[in-house]
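Biologist: I'd like to learn how to read ligand sites and sheets in a model. Could you walk me through one?

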Amino acid sequence: MSRRSASVPLLLLLLLLLFSFSLCSSNSLYDSFLQCLTSQRQSFDQASKIVYQESNSSFASVLNSYVRNRRFNTSSTPKPLIIVTPLLESDASGAVLCAQILKLHIKIRSGGHDFEGISYVSDDPFIILDMFNLRMIHVNIQDESAWVQAGATLGELYYRIWESSKVYGFPAGICATVGVGGHLSCGGYGNMLRKYGLSVDNILDARIVDVNGKILDRDSMGEDLFWAIRGGGGASFGVVLAYKVRLVPVPETVTVFHVEKTIEENMTDLVYKWQLVAPSTDENLFMRLAVQPTTSSSRIGRKTIRASITALFLGGAEKLVSLLGKELPELGLKKENCIEMSWIESAVWWGNFYKQASPSILLDRVPGSMNFLKRKSDYLEKPIPKANLERLWKKMIALGKPELVFNPYGGRMNEIATSETPFPHRTGNLFKIQHSISWTEEGPEAEKNYLSQIRRLYSYMTPYVSSNPRRSFLCYRDLDVGVTSKGKNSYSEGKVYGIKYFGGNFDRLVKVKTMVDPMNFFRNEQSIPVKPWES
Ligand SMILES: Cc1cc2nc3c(=O)[nH]c(=O)nc-3n(C[C@H](O)[C@H](O)[C@H](O)COP(=O)(O)OP(=O)(O)OC[C@H]3O[C@@H](n4cnc5c(N)ncnc54)[C@H](O)[C@@H]3O)c2cc1C
Ligand SMILES: *[C@@H]1O[C@H](CO)[C@@H](O)[C@H](O)[C@H]1NC(C)=O
Ligand SMILES: *[C@@H]1O[C@H](CO)[C@@H](O)[C@H](O)[C@H]1NC(C)=O
Ligand SMILES: *[C@@H]1O[C@H](CO)[C@@H](O)[C@H](O)[C@H]1NC(C)=O
């Protein structure tokens with residue numbers, strides 16, 4: 001590490017000298033940035049094609065294209081000074097150098113699904129490095145691997161794997177429009193996690209631009225940095241250009257189902273028993289449980305709670321019906337509830353709200369709808385007792401809107417050591433809860449009301465969830481669990497959210513951060529802080 005950092009500041013200094021002229025002149029920031037980038041790439045014509053400022057007619061559409069939460073699509077949302085959209089890896093490295101020369105804060109965006117919008121919003125003046133043009137995917141079936149660039153979506157990855165082979169898949173997220181750059185760096189998971197672990201448990205190599213503008217792979221970055229960008233959040237360490245992932249075998253036929261029950265249909269017994277079965281059953285079976293307030297169909301106008309169980313089974317329907325007949329008879333699963341299909345069809349079905357469609361829908365980079373969103377997360381080590389579930393339903397009905405989505409762990413998750421990747425929530429966790437609220441009403445009043453509802457439910461859940469610290473999932477970004485104050489990013493501030501997201505892995509992340517980015521150029525509201533100087 002020290003070998004590299006000794007030579008590069010020289011290069012920076014040289015560039016700084018070159019550009020101090022343009023800085024002193026009346027050139028706009030846009031011109032200065034363009035000139036800087038051009039000197040990196042030797043071609044002015046190219047650079048002007050990938051840099052946008054507010055006066056460019058397509059600035060707003062480029063900015064809005066990857067906003068996935070309407071809360072951050074308003075006129076008062078802070079806007080970037082510049083958006084850079086690299087076409088080549090060297091564009092990203094040029095942008096990293098030029099941002100430092102011109103003292104610009106940088107935000108990195110791949111798919112834009114960050115729940116708090118921190119890939120494209122900042123309180124400091126900032127620019128966006130937008131990775132959507134870098135989305136090549138190379139599948140190598142012989143080698144059971146694929147290189148995928150950061151700007152690709154999960155849907156594109158699944159589709160390209162399926163084009164090459166019907167018996168391989170990849171264990172990552174359910175929503176097809178999620179970006180690879182953010183998802184794999186935050187430790188993303190999907191409905192095969194009980195069988196194959198998280199996306200980050202299946203990464204073989206990576207390419208990244210470091211703070212010196214160097215492009216590194218696993219060999220040249222070293223195992224510490226390679227460890228950090230598999231769950232520690234990429235944006236604290238550099239710009240992830242691509243990951244090489246390990247493909248996992250999937251059977252030719254898988255089975256899915258989606259079954260709903262309300263309180264009146266003995267849902268509580270089912271939910272209670274689900275807590276015991278879902279994290280311990282056959283690792284080929286993933287059963288997600290969602291509970292949400294709704295209106296009763298049998299007793300008009302009455303509020304109730306609906307539980308829905310949505311499953312992926314890596315096997316046939318007959319086997320699944322017999323397995324759940326024994327382990328979860330409360331569900332009353334019948335063969336008619338099950339649909340057998342190929343793995344790629346199951347990816348479509350899960351991502352498309354349990355409707356079938358052509359696999360090509362996975363290539364669609366624009367989600368069907370966009371709402372105002374807030375998410376929070378929790379981990380549970382013990383089941384919630386039946387009587388407490390009944391009280392919880394009353395609370396949820398009283399609040400009105402927030403939902404809880406329970407994702408079972410166990411299986412492969414129990415076999416991977418807590419320190420293997422920065423993601424620490426392994427053995428001992430029965431499931432993760434996603435607290436979820438989505439709304440369509442505009443304006444600050446609605447936002448205030450809905451944020452208050454989800455925070456009240458989160459507070460109500462305190463006795464049942466992990467404590468000291470109450471742990472959180474990085475991919476479900478939640479600024480309520482702690483933020484760095486503007487321009488500060490101290491170790492003590494970082495530790496507040498750092499141990500919730502990373503547990504005992506936080507200190508190793510700080511060490512890596514201090515080694516690779518000691519001046520803290522790559523920072524955001526919840527980035528990994530640099531180690532304070534020992535006195
Ligand atoms: C509708 C929806 C469904 C979801 N479903 C799932 C799911 O099934 N499973 C799951 O685990 N998560 C899920 N998530 C959460 C998702 O995994 C995270 O929000 C993830 O960070 C999104 O990645 P992105 O590239 O789309 O986001 P972005 O908003 O682009 O980035 C998120 C973070 O990563 C950083 N980043 C992005 N690209 C790079 C890069 N190339 N180099 C370095 N840093 C980078 C950003 O700066 C930001 O801090 C979902 C989110 C949404 C909105
Ligand atoms: C933005 O506008 C400038 C002129 O003001 C133009 O040279 C440049 O090509 C535009 N950028 C893009 C990406 O279209
Ligand atoms: C985001 O805001 C812009 C400008 O108001 C609007 O044109 C666009 O439709 C919005 N996008 C979504 C998906 O709401
Ligand atoms: C609920 O459980 C009770 C008692 O076990 C049973 O009598 C009743 O039929 C069940 N109701 C439904 C809708 O399954």
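This is a predicted model: local features need pLDDT of at least 70, side-chain atom pairs count only at pLDDT 80 or more; totals for chains, interfaces and linings use all residues.

Biologist: Let's start with ligand 1. Which residues come nearest to it?

Modeller: Begin with the shell, meaning residues with a heavy atom within 4 Å of the ligand. Ligand 1 has 30 residues around it, and Ile108, Ser110, Ser119, His183 and Tyr189 come nearest.

Biologist: What is the make-up of that shell by class?

Modeller: The shell around ligand 1 divides into 14 nonpolar, 13 polar and three charged residues.

Biologist: Which elements supply at least two residues each to the shell around ligand 1?

Modeller: Those are β3 (105–109), α7 (180–186) and β10 (239–246). The top contributor is α7, which gives four residues to the shell around ligand 1.

Biologist: Why does ligand 1 lie between two domains?

Modeller: Look at which domains the shell residues come from. Both domain 1 (10–130) and domain 2 (137–249) give residues to the shell around ligand 1, so ligand 1 lies between them.

Biologist: And how do I pick out polar contacts?

Modeller: Look for pairs of N or O atoms within 3.5 Å. For ligand 1, an oxygen atom sits 3.1 Å from a polar backbone atom of His113. A backbone N or O atom of Ile174 is 3.0 Å from an oxygen atom of ligand 1, and a backbone N or O atom of Gly182 also lies 3.0 Å from an oxygen atom of ligand 1.

Biologist: How much of ligand 1 does the protein cover?

Modeller: On its own, ligand 1 has 950 Å² of accessible area, and the protein covers 92% of that.

Biologist: Now ligand 2. Which residues surround it?

Modeller: Tyr30, Ser48, Lys49, Val51, Tyr52 and Asn56 surround ligand 2. By class, three of the shell residues are nonpolar, two are polar and one is charged.

Biologist: Which atoms of ligand 2 sit close to N or O atoms of the protein?

Modeller: Take the side chain first: an N or O atom in the side chain of Asn56 is 2.3 Å from an oxygen atom of ligand 2. On the backbone side, Ser48 has an N or O atom 3.0 Å from an oxygen atom of ligand 2, and a polar backbone atom of Val51 is 3.3 Å from a nitrogen atom of ligand 2. As for cover, ligand 2 has 360 Å² of accessible area on its own, of which the protein covers 55%. Two or more residues of the shell around ligand 2 come from each of α3 (44–49) and β1 (51–53).

Biologist: That β1 label brings me to sheets. How do I read one?

Modeller: One open sheet has four strands in the order β1-β2-β4-β3, with mixed pairing. Here β1 and β3 are at the edges with a single partner strand each, so one side of each has no neighbour in the sheet. The average twist is 25° from one strand to the next. Inside, β2 (residues 82–84) and β4 (residues 126–130) run parallel and are joined by three bridges; Val84 has Leu129 in β4 as its bridge partner.

Biologist: Which way do the strands pair in the sheet of seven strands, parallel or antiparallel?

Modeller: Antiparallel, in an open sheet with the order β15-β12-β14-β13-β17-β18-β16. Its edges are β15 (338–341) and β16 (372–380); each has a single partner strand, so one side of each is left without a neighbour in the sheet. From one strand to the next, the twist averages 20°. Within this sheet, β13 (residues 285–295) and β17 (residues 403–408) pair over three bridges, and Leu289 has Phe406 in β17 as its bridge partner.

Key:
Residues are numbered from 1 along each chain as its sequence is written. Chains are lettered from A and ligands numbered from 1 in the order in which they are written. Side-chain values use heavy atoms; hydrogens and water are left out. A polar contact is a pair of N or O atoms within 3.5 Å; within protein, one must be able to donate a hydrogen and the other to accept it, and residues adjacent in sequence count only if both atoms are side-chain atoms. Accessible areas come from the Shrake-Rupley method with a 1.4 Å probe; for residues, only the protein chains shown count as cover. Ala, Val, Leu, Ile, Met, Phe, Trp, Tyr, Cys and Pro count as nonpolar, Asp, Glu, Lys and Arg as charged, and the others, Gly among them, as polar. Domain bounds come from an automatic or database domain assignment. Two strands pair if DSSP finds at least two bridges between them. Axes are lines fitted to C-alpha atoms, for helices over the stretch in contact, and angles run from 0 to 180 degrees between N-to-C directions.
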